Amino acid sequence: MDGGQPVPSPLVPLENTLSDSSMSLEQKTTFVFVILLFIFLGILIVRCFRILLDPYRSMPTSTWADGLEGLEKGQFDHALA
């Protein structure tokens, strides 16, 4: 350790660190993709909680019994005979 020269650290590359401070194109693409996945995950979580809190809101108002002629809804025991 003579002369006061800085000891190179193995964690810092020997190249100019100022030009390497920006992310590469691959890192930017990966970062954007991960952000989009988090947004998609957030939308799915919100949708699932809305369905759990009010499950009947997402169901359609018409049912399979609407297409049956001559039967009222709720009369299932005579429909099979």
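This report describes the predicted model of a protein chain, from its overall fold to selected residues.

## Basis of the model

The model is predicted: local features need pLDDT of at least 70, side-chain atom pairs count only at pLDDT 80 or more, and totals for chains, interfaces and linings use all residues. Residues are numbered from 1 along each chain as its sequence is written, and side-chain values use heavy atoms, with hydrogens and water left out.

## Overall fold and surface

The protein chain contains 1 helix and 0 strands; helices (H or I, at least four residues) and strands (E, at least two) are DSSP runs, numbered from the N terminus. Of its 81 residues, 1% are buried. Buried means under 20% relative accessible area, exposed over 50%, and partly exposed in between (1.4 Å probe, protein chains only).

The accessible surface of the chain is about 8200 Å², and carbon and sulfur atoms account for 66% of it. Such areas come from the Shrake-Rupley method with a 1.4 Å probe; for residues, only the protein chains shown count as cover.

## The annotated region and the nonpolar patch

An unreviewed UniProt entry places a "transmembrane region" at residues 31-53. UniProt positions are given in the numbering used here, feature names are shortened, and annotations may be inferred rather than shown by experiment. Residues 31-53 are 100% helix and 0% strand, with their end C-alpha atoms 33 Å apart.

A nonpolar surface patch consists of F33, V34, L37, F38, L41, I45, F49 and L52, which together have about 820 Å² of accessible area. Patches take residues with over 30% relative accessible area and no salt bridge, joining like charges within 9 Å and nonpolar side chains (Val, Leu, Ile, Met, Phe, Trp, Tyr) within 5 Å. F49 belongs to helix 1, residues 25-53.

## The salt bridge

There is 1 salt bridge, defined as a side-chain nitrogen of Lys or Arg within 4 Å of a carboxyl oxygen of Asp or Glu. It joins R57 and D54 at 3.7 Å, N to O. R57 counts as partly exposed because its relative accessibility is 47%, and D54 likewise counts as partly exposed, at 35%.
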